[in-house]
Each structure stands twice: as structure tokens, then as C-alpha cells.
Amino acid sequence: MSKNLRINNKQFVDETRKLSFIFNGKKLYGYKGDTLASALLSNDIHLVGRSFKYHRPRGIMTSGSEEPNAILQIGNDDALTDPNVRATEIELYDGLICNSQNCWPSVKFDIGGINNFLSPLLPAGFYYKTFMWPASFWEKYEYFIRKSAGLGKSPTKQDPDMYDHRYMHCDILIVGGGVSGLIAAKIASDDNKKVLLLEDKELLGGSLIYDDNDISKIDNQKSSEWLKKLIENIKNDKNIIIKTRTSLAAYHNYNFLLARQNLTDHLSVNDRNNKIRQRLYKIRAKKVIISTGAIERPQVFHNNDRPGIMLASAVKKYIDYYGVRCGLENVIFTNNDSAYETALSLHKSGTKLNAIIDIRDNSSSEIVNKVKSLGIQIYWNHTVVNTKGYKRINKITIMKLNDKGNDVVGKKIELNCDCLAISGGWTPMVHLFTQSGGKLKFDNKDNIFVPDKTNLNQLSIGSAKGDFELDDVLKNSIKDTKKFLQIENSNFDKIDVKCSKEKEKKNIWLLPSDKPLSKTKPFLDYQNDSTAKDIKLALREGFKSIEHVKRYTTTGMGTDQGKLANMHALGIVADTTNTNMGDLGTTTFRPPYTPLTFGTIVGRNVGQFFDIFRKTPMHEWHVENNAKFENVGQWKRAWYYPKDGETMHDAVQRESKAARESSGILDASTLGKIDIQGTDANEFLNRVYTNAWSKLQIGKCRYGLMLNEDGMVYDDGVTTKLGENHYLMTTTTGGAANVMSKLEDYLQTEWPELDVFLTSVTDHYATASVCGPNAKKIINKIFKDLDLSDESFPHMSFKEVKLGNINCRIMRISFTGELSYEINVEASYGKYIWEKCIEAGKEFNITPYGTETMHLLRAEKGFIIVGQDTDGTMTPVDLQMDWIISKKKYDFIGKRSLYRSDTIREDRKQLVGLLTDDPNEILEEGAQIVKDENKKPVDMLGHVTSSYFSPTLKKSIALAVLKEGKRLKGQKLLVPMIDKTIKVTVSDTIFLDKENERING
Amino acid sequence: MFLINCPYCGERDQSEFVSGGEAHIARPKQPTELNDDQWAEYLFMRKNIKGIQFERWNHAHGCRKWFNVARDTSNDKIEKIYKMGEQPPKL
């Protein structure tokens, strides 16, 4: 540290705690309380990055979240590295490692810098214009565009950090802990409201807390001293919860807000172990007060982007708060009074201020007079026309403005300068207000957009509302807060505020230069390298809407979201097109206000908590017996049980053979189960299923098909009549919840007169389904007293029996075509009854089978699976299931739609069977079916929905939906694949046991 | 994220509810009497207006009751919540 840039004796930086950090491989030092930016500046480092397009050297520009240039890669760990972190926001910690982005091989010598000289070839819309042709080259262009796109590197390994979510509720949410927010918090608390106060910095107080000039006074005290007392008061206030290091990310409708709290990012890496890194607050506030302040605007002139050019307010904060001089040869360039506060801070800290350039003709406010009295040279009515110094500014050239302010006159004056503090006025932070749906209005006096209309219970105060001078900020905040909270009196009513008042204003969006515009580089958006020229080019090319200009020029589309650039872009568009800025409107502000890491958004919902999954009571048995699982909805279902390194195909062949030849067992617990009770239960079933239910007797089961009102198949399943007014409906595994809510919907809204009650009992019962020729013998071994004769217990019937104390409901129903019993028990006995079946079935080689074998077995019988063989466009007629549509019933859900002109078309896609000419060839599910391969475009007649190799039939079988399929039975068609064409013949959908003889064993 | 005042449970977060589309479209009592156009009108045609829209909502992760909501689609303000079977309010 050769230069003396540190100013001693600062209250916010602890010089007794020296911290080391590494920037681009070099070890440097700062102090506790520094940000990374202030520590770099104290080491005389301005150059921290390269711009996105031209790779121009860029330096730290601001002291806050609006920083466009100083965005660094933090950390060098593959899992923990964090790209695009603003150096102005990160608190320095011991051992911090950071690197510049978007430069190679280094920030000081960057090959991409050649783009700066190619810039005449890289105008706005360059990519749109260049990469359009020839179209076939797109894939090649894409590779290079992707390579040069983006800043920083994403972590390549899983994020090991912990993140948290928390809900919060409050009467009054106050966003921003500056002076106006603090006053509002106190007023609300005094009115006994529960207040939540958010501040994105580590300390409360905003910019007033380090205000050190002698002009501003509150109640005859130095304003910062007055504020410190208020903060102490608020910290001890039990009505106020304060969250610091917490920035508001999003403001949604109904006063629902998201805020992110940083909990460990300021700690050294070793101190972060086992701590939550960030917490996302989901806040519901009765009322919201926005006191987010304002950000300073830069000025737009030729070469306004060199390292060393900073916002005047930032230069002031680095001196007054961090005790860091940003340069030793300072010049201020302003159009307003606020930069004169920077002049006083520079003077007070003994830092050399070479001159002030002011585009106004004069100013005679108290603060300007004070600066004049210090003998500082002020160039009135002058502007900067150029700057010099590649990696750090070293000289500026200024000239006098003409009367209109659109050109420069007279002689050039050159000034030495290693830090140029610029100020173009202030922009209220209205982002949150507009995110919430609020409408802005334009204030012509200050050239700002301010909050206007809102539907929500919210208020903007302080400079976020457009008040910039201390007396306005305080008095209006007090007045507006009282009105908003409907309070008559407050403890601040007699507040006495003194401050300098600005009298002269002048604003020029694009400052003139002695060179023509085409030869200059007046930057608007520093991060995306868009200049005033680009805006003008876009307008010449016919873009009118500000939203289009933004996208074409990419102004305001960087990680800073145009916090600095947007107002100038609007101003230049308005000037060029002779429009009022208020009529032009603004681009849309969208959440998040500052970028959020994905970890914060997902919180604890990672790994096994990403989504819930459901396990059947028999799950552990499946795991112990080496089952592979498949996800069905949220369920984990046993898929197949490979033995001795079997493939899925081998396992399925073995399992299905066993089920057909002796016995198999399936865990069917996942099927949806709805308990239906009430005197109108039977009528209800008649209305929701296509077939008739009136004659179903107690103890009998029936298969039903449920349609949507549009006539398309929605769900299917077997319903059992347990008692006079008591049914148990089963649904598909995936459709259970939807069926339940659909039925509930009809009951509550269309048929409230029906006496029917529905209860979801899916989780209450476990189901073991035993099938195969030996099923009866196995069941007989377990339930010795149960009469299993076909007369007493025929197919599609039900018995209630006891096994010890366990109530068992046994349904004789079959989804495989085999003799089959489904044993339903209370869920907690599921594993017991399953093991009982396995034990009893041992001598019959009972074989557990999974969903894959179940699918094969039912496909052999031509049974559909809703959702696999149907897709929401299949009617029962399309499925060749006309038999299940009752002709007698007057109405059921979807009936009228079955004879709409579209549903009675003969050439609809219909369910058919397909047999391959080569019996060993297995079709791929989803494969397209055609008649003539050579016709172009080829007519796609349908697709394969289910396909298996049947070990029983020793050939491949498939189900498919096919245009006019019913008429095409016996026809030869083609299934073209990527490497061959498979010949198929359309067949019946039932491949095995058409006579249904196996059902009785 | 809306705050919805379920007529049976009180104010709850929107995440507990599902929307069920336009309200006051009664299922025809005698569908077989309708021609294709009339049936299509019931089945497919829904309003999409800027302004007050009457909608059905279900407290799916709560009491599972359906109810009606009058919502201004231009600003998502819920003007009125009323039970199934009640007439839409004049707004």
C-alpha cells in the first residue's frame, strides 16, 4: 500500500481486526467492516472486471446493489463458488477468495479487449442481424454464442449449504432501515402495531448515519447523532422485529412478500459449518411501507466508463463510512447539489479535490456557497467531453456548454484526475412498488418516476417516494405514515429540521461532445455495453416501444437489471422522439430485486425432500427381496424382482410364466380406494359410471368406466357393494386424488341433493393380490374355513372374513385373467398378510411380480390401462368397449358427448392389437404406424401404446391406437424405426384365453 | 399469492386452494334434449374477461369445500366470496 488511502478513526470499520483476502491470486488486506469493494479500493484497485461485449476495463462504480461492474466470482471450490457477486455488497471476511470474470487470460490483459476496436462492427442487434443466415449454420453459431454468453462460472458440484424457509406475519412491514423507515417503524410501534423492519445492510441508518456535514441538523443536533439515538430506541422496542442483512426479493399481490436473509456470507469459511446460509422469509403483511431510498444516476458522456469513474455518493460513502479514499486527484462532475456533499467530505478528510464541473449556470444554495468559500475551483456550465487512461482514468477534458446545452463551445481544458465522482441526480427505488402492481407517474421537475396508484395497502415514503432533501424526507414521512396508519399525533410532530435547499436544476440525458456521436462511446448500461448510440440506432431502425428498445439493445438486461441505465435510456428515447417521458412509460420491473441463489428458492426441498413419496405397508419386504422400484404418481411401486443378475426382460418372463402356470402375488395397495356411503350411493354410481349399477347385489363387484363430460375415458376400476348403502370404489393408482376431487365436485356443486359421503381410504388398507391356477389352494391354506367353491365365492364377488383378529376383505377379481383373490386388510397388517401368502404359497412356487409383469399379463388379455392405452382422446367406443355403455340409463357423466359429431366419426383412432410378422420382434411403445413409407409426407395412422414379449404365447404382442383401426383388422401395416421397418398385422386386442376359462383356475 | 377467505375456514393462503374455472355454468338437467351446438356451449365455452369474473374455487388442502369467488381479473382483487348455490352478487 504505497498510497495513503486509508483515513483513520472510523466508527464503522474496526482497524484492530485486519483481514486477509485473495483477489486474482494476490494476497491483500482489509478490515472488519469493509466490503470487498472498499477493501479493494483501499488497496488502490479500481480495475476489477471486463465489460460483457467490448471487454473494456471496468472498475468499482457504486457502493450498493446497483453495481454494474464489480461483479466477481467468489470462492474457488467446485461446489461453493458463487458467480456474479457484487463486491459492493459482500462483507469482507478472513480468507475470502475472489476472481474477475469475463476476461482471459487476466483482467489486466484480456484478449477479448480486441472487441473494443471491432465495436463499429458490433452495433445493437448484432446477433439478430448476423446469425440469421444461412439458417443451416445456426448449430455452428450456437456453439460460439453459448461459449461467449454469460458472466462467471456456475458451481459444478451439488451445493452443500443449508437453506431455510420461514413464514412471517406482521401488522406493518417496513422495507428499508434508513431514516424514513426508522421513523415510520417508531410511529407504528408507538401505536402498538407489530412491526417487521427489513434492512439489506448489516447496520440500520441508511445514508444519514454517516452524514458528517455541518449544515443538516435535526432538533439542533447533528443529523447522524440524532439518528443514532433513534436507532438505539428502536433496537429496544419490543414491538419491532429487525432483520438486517435481509433484502426484499419480491413484492406480490395481497401483500405477500419474499425476503432473503444472509446468515453466513459475512463469516470466514471455517465459521460457517453447520449453519444455515440463507433464509427466505415468506411474509404476509397487513400493511407495507416502502422506504427503500433512491440511487444516484451517473451522467452520460464520451468514455464515461473508465475505472476510477464512480458515483459521487459512492465516493462519499467510501470516505465517510469505510474511511477509504478512492483517489488522490479527485474531480466532481455534477448537475445537482448533492455532489457538493461529496466535496465537503473530500475536503474534511484532507483529500485533494482538483475541481468541480457543474453543467448548471450557477447555484447559490447554502451547501454550494460553503464549497465556494473553501476556494474549490468550480467550472459552471461545463461538461466533460472525454476521459483518458485505459486501466484507470488519469485525465479528463472539459468544455463549455452552449446556451441550448446540445453542443460544446470554446477551448478544451484538460484536468488531472484519478477519480471522477459523477452525479446526474437521483432515482427513487420504485421497483418494489411496481412489482406489486402499482402505477407510476412522471415528475417533470426532478425527472423521476414516482409511485402513484396502487390497489394494495401500502405506502412509499422518503426518497423512494421522491423526497430528496432532509426536511422533506422527515416531515413528509411523518405526515404520510400518520395518515396511512390513521394516527392523530406522534412523538415526531414537533421535529425541527435544517438543511440546504437546492434551487437550480438542469438535466441533459446525453451530454454533447466535441466529436460527432458516432465517434464517441457514451455508455448507458455498463454491464451490457450499450451506449446512447445503440438506443438511437434502434429508434432509427423503427423500434418505438421502450420494451422493444430494451430488448434490441439489451439495455437494462444485465444482472443489475438496469438500475443505473434505465432512466437515461428513457430520457434519450424521449428526447430523440420528442415524446414526454411520462407518456413513454417504463420497462417492467420483475422480481427478484437482486439475484437469488437457487438454494434459497428451494430451501429444504432438496434430495429426498424434493418431492414426497409414498410407500406401501409391504415396501420393506420388496426392498429385502431385491425389488426394483418404479415411480407411479408419488408411489414407489415394485417394478420387478430380478434374481441372480437377471435383466428386466428375464425377470418379467419368469414372473409372468409363474403367474400363469402356478401362482403369483402382487402388491396392489397403491390402487385408489374411496369409501362411498349414503342412501343415494347407488344412484351416484349410476351417474358417474357408464354402466348400470342398480341391480348390483351386496357382496358383488363390478368393473366401471368413468368418463369426462367430454366423453373421454377418465378412470376405471372395480367397485364392491359392501352393504345396502355402502360401496368401496377402487381407482387407478395415479388417478386416485383426481377422481376423488372430481366426484366431490359433482356432489357439492351439481347434485347437492344426493345423500352421499365420500372418504378416501387409499392409505387405510393394504392389498395383496394372489393369482394363478394354484391361487385357490393358497388362499385355502390361509383361510381354512372359507368356502372357496365357485358357487359360494364366484368371480366378481366379495367375502368378509377374519384371520385371528384381523378383518380381511377378499375380492375375487382379476386383472390378469387368472383365478385371482385380492386380500384387503388394515394397512398395519399389510406386511403380515403378504408374508402369510408367501409362506402358504411356497410349495406352489408363489412368485412376487411387479408392475411390469402386471402390465404384460393384462395386455395378453387386452385389458386397458387408463393413461397408457388412453390419452384423454379415447372414448369407450374407440376402445372397443361399447359393451360397458348402458343403453338404458338416461344420463351419466359424458353420455351426451358420445354422440357428438366428432365422437361418432368412423375414422377416429381406435384401440387394436398388433402382431409382428417376426414373432421375436418387440415393438417400441410410442412407435408410429404407417401404411406407405414412401409417401411424403407420410400418413401417420397411429402409435403403439403397449408392447411386450409374451412367454405364454411365445410371441410379441402389442396394443395400439390406429385410425379406423376396427376396420383394419387383418391388414398388414408398417412400423418404421430408425434402422429398420417392422411389418405388423392388425389383430384383435385379446391375445390369450378369449373364452375366459382361466378365470376359474 | 392471494389470500382467500374460505367461507368455512377463514383466511388462508392461496396454496391451499385450487381454481375450478368459471362459475354458474349449471350442468344441463336433460343433456339428451340438447343439440350439438347447445351441448358444446355448455361443455367448451368459457368467458375470459377483463374485470369482474365469477369463479369456482375449492379449498382442496383444507375443508375440501367448493365455493364461489367474484374476482377482478385486472388486479386480482377478490370482491366477494359466496357459497355454492347462492346467486352471483351485483358488482
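User: How many helices and strands make up the secondary structure of chain A?

Analyst: This is a predicted model, in which local features need pLDDT of at least 70 and side-chain atom pairs count only at pLDDT 80 or more, while totals for chains, interfaces and linings use all residues. Residues are numbered from 1 along each chain as its sequence is written, and chains are lettered from A and ligands numbered from 1 in the order in which they are written. Helices (H or I, at least four residues) and strands (E, at least two) are DSSP runs, numbered from the N terminus. On that basis chain A has 23 helices and 50 strands.

User: Is chain A compact or spread out, and what is its radius of gyration?

Analyst: The radius of gyration is taken over C-alpha atoms, and the globule rule is 2.2 Å times the number of residues to the power 0.38. For 1001 residues that rule gives 30 Å, and the value of chain A is well over this, so the chain is more spread out than a compact globule. Its C-alpha trace spans about 115 × 70 × 55 Å along the principal axes. The radius of gyration of chain A is 38 Å.

User: What percentage of the residues in chain A is buried?

Analyst: A residue is buried if 20 or more other C-beta atoms, placed from the backbone, lie within 10 Å of its own, exposed if 12 or fewer, and partly exposed in between. Applied to the 1001 residues of chain A, this gives a buried share of 48%.

User: How far apart are the C-alpha centres of domain 2 and domain 5 of chain A?

Analyst: The domain bounds come from an automatic or database domain assignment. Domain 2 comprises 162-294 + 428-490, and domain 5 comprises 615-670 + 765-772 + 799-867. Domain 3 (309-422) is also among the assigned domains. The C-alpha centres of domain 2 and domain 5 of chain A lie apart by 61 Å.

User: Which residue is the bridge partner of Gln677(A) in β38(A)?

Analyst: Strands β35 (residues 672-677) and β38 (residues 726-731) of chain A run antiparallel and are joined by 6 bridges. Within β38(A), the partner of Gln677(A) is His726(A).

User: Which glycine in the turn between β22(A) and β23(A) has a positive phi?

Analyst: Strand β22 (residues 395-401) of chain A pairs with β21 (residues 382-388) in the antiparallel sense through 6 bridges, and their hairpin has Gly389(A) in its turn with a positive phi of about 110°. β22(A) also pairs antiparallel with β23 (residues 408-416) of chain A over 6 bridges. In this hairpin, 6 residues lie between the strands, and the turn residue with a positive phi of about 80° is Gly405(A).

User: Is Tyr254(A) buried or exposed?

Analyst: Tyr254(A) is not a glycine, yet its phi is positive, at about 60°. This residue is placed in the loop between β13 (246-252) and β14 (256-262) of chain A. Because it has 21 C-beta neighbours inside 10 Å, Tyr254(A) counts as buried.

User: Which residue does a cis peptide bond join to Lys936(A)?

Analyst: Most peptide bonds are trans. One cis bond joins Pro591(A) and Pro592(A), with omega about -5°. Another cis bond, also with omega about -5°, joins Lys936(A) to Pro937(A).

User: How many residues of chain A are in contact with chain B?

Analyst: On the side of chain B that touches chain A, helix α1 (residues 36-44) gives the largest share, 3 residues. Chain B contributes 20 residues to the contact, and the number from chain A is 22.

Note on methods: Two residues are in contact if their C-beta atoms, placed from the backbone, lie within 7 Å. Two strands pair if DSSP finds at least two bridges between them.
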